[in-house]
Amino acid sequence: MSASPASPSRRLPRGMLWLAAIVLVLAGILLLVISIRIVHEASREELRPADAIIVFGAAEYSGRPSPVYRARLDHAFELFQRGIAPVVITTGGSGSDPDYSEGGVGRDYLMRRGIPERNLIAETQGSDTAQSAQRVAVIMRANGMHRCVAVSDEYHVFRTKELLENQGLQVYVAPRPGSRPHSRWQRALAVLRESVSYLLWRLHLPL
């Protein structure tokens with residue numbers, strides 16, 4: 001009985017393994033560079049006169065902003081009171097809540113704090129940060145506005161600035177004070193998450 005032919009090797013060619021290793025190393029270096037930029041941006045506060053203050057949404061609970069979102073809104077309120085910009089734009093769609101949107105909840109909260117309705121605009125359709133940035137740019141251009149101060153958490157402002165600048169806006173950042181995670185491990189995870197999200201956006205890949 002003749003021996004059966006040897007089955008082809010299932011191992012990848014050595015050249016492909018080297019290529020995969022090089023890609024992984026380059027991706028690691030790129031993520032490191034992005035992470036450094038995220039940490040650097042988190043420590044900045046660019047309080048310059050602008051046309052609008054943009055508050056990026058977070059969770060809302062049946063019409064009430066989550067603690068994180070409320071802290072962002074309070075920071076935007078303080079900037080408005082200081083005369084940084086005459087308009088505050090709150091962002092965020094409804095998500096799984098059909099009755100409320102993050103943008104609408106943020107606007108209502110700031111109205112209760114005393115900002116007149118005429119000085120507030122709610123972006124209520126964005127399902128993520130990138131979509132909100134796109135819609136904010138449309139709103140600003142429609143109202144003849146070009147400069148904005150982006151308010152979000154410290155490790156988030158880098159990506160918000162990049163997204164808004166990609167829409168042709170001039171952007172300053174005002175991170176929410178004290179918004180970095182407390183432990184070193186949590187901070188590392190937060191920076192890594194933002195780095196990956198930014199890289200996927202740059203590569204036009206879904207999050």
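Guide: What follows is a chat about the helices, strands and cores of this predicted model.

Visitor: Okay, let's start with α4. How far apart are its end C-alpha atoms?
Guide: They are 20 Å apart. Helix α4 has 14 residues, running over residues 129-142, and at 1.5 Å a residue it should span 20 Å, so the two values agree.

Visitor: Which residues of α4 are buried?
Guide: Thr129, Ser132, Ala133, Val136, Ala137, Ile139 and Met140. They cover an arc of only 165° around the axis, so they sit on the same side of α4.

Visitor: And which exposed residues are on the face turned away from that side?
Guide: That face carries Val138 and Ala142, both exposed.

Visitor: What caps the N-terminal end of α4?
Guide: Asp128 does that. One of its side-chain oxygens lies 3.2 Å from the backbone nitrogen of Ala130.

Visitor: And just after α4, which residue takes a positive phi?
Guide: Gly144, with a phi of about 70°.

Visitor: Let's switch to β1. Which way do its residues point?
Guide: Ala52 and Ile54 point one way, while Ile53 and Val55 point the other way. In a regular strand the side chains alternate between the two faces of the sheet.

Visitor: Are those four buried or exposed?
Guide: All of them are buried.

Visitor: In which sense do β1 and β6 pair?
Guide: Parallel, over four bridges. Ile53 stands opposite Val149 in β6.

Visitor: How many bridges join β1 to β4?
Guide: Three, and those strands run parallel too. Over in β4, Thr90 is the bridge partner of Val55.

Visitor: Now the largest nonpolar core. Which of its residues touch the most other members?
Guide: Out of 21 residues, those are Ile53, Val55, Leu79, Val88, Leu110, Ile115 and Val149. The elements giving two or more residues to this core are β1, α2 (67-81), α3 (102-113) and β6. The largest share, six residues, comes from α2.

Visitor: You mentioned Leu110. What is it in contact with, leaving aside neighbours within four places in sequence?
Guide: Leu110 is in contact with Leu73, Phe77, Val88, Thr90, Ile115 and Leu120. There's also a second, separate core of 17 residues, including Ile89, Ile139, Cys148 and Leu163.

Visitor: What about α1? How far should its 29 residues span?
Guide: At 1.5 Å a residue, helix α1 (residues 14-42) should span 42 Å, and its end C-alpha atoms are 42 Å apart, so that agrees.

Visitor: Which residues are buried in α1?
Guide: Leu31, Ile34, Ser35, Ile38, Glu41 and Ala42. What covers them includes α5, β7 (170-173) and α6 (184-202).

Visitor: Last topic, Ser62. What is its phi?
Guide: It's positive, about 50°, although Ser62 is not a glycine. You'll find Ser62 in the loop between β2 (60-61) and β3 (64-65).

Visitor: Why does Ser62 count as exposed?
Guide: Its relative accessible area is 56%, and exposed means over 50%.

Visitor: And His204, where is that found?
Guide: In the segment after α6. His204 has a positive phi too, near 60°, in a residue other than glycine. With 73% relative accessibility, His204 counts as exposed.

Definitions and conventions:
Residues are numbered from 1 along each chain as its sequence is written. This is a predicted model: local features need pLDDT of at least 70, side-chain atom pairs count only at pLDDT 80 or more; totals for chains, interfaces and linings use all residues. Side-chain values use heavy atoms; hydrogens and water are left out. The expected span of a helix is 1.5 Å times one less than its number of residues. Buried means under 20% relative accessible area, exposed over 50%, partly exposed in between (1.4 Å probe, protein chains only). The arc is that of the directions from the helix axis to the C-beta atoms. A polar contact is a pair of N or O atoms within 3.5 Å; within protein, one must be able to donate a hydrogen and the other to accept it, and residues adjacent in sequence count only if both atoms are side-chain atoms. A nonpolar core is a set of buried Ala, Val, Leu, Ile, Met, Phe, Trp, Tyr and Cys residues joined through side-chain atoms within 4.5 Å. Contact means heavy atoms within 4.5 Å. Two strands pair if DSSP finds at least two bridges between them.
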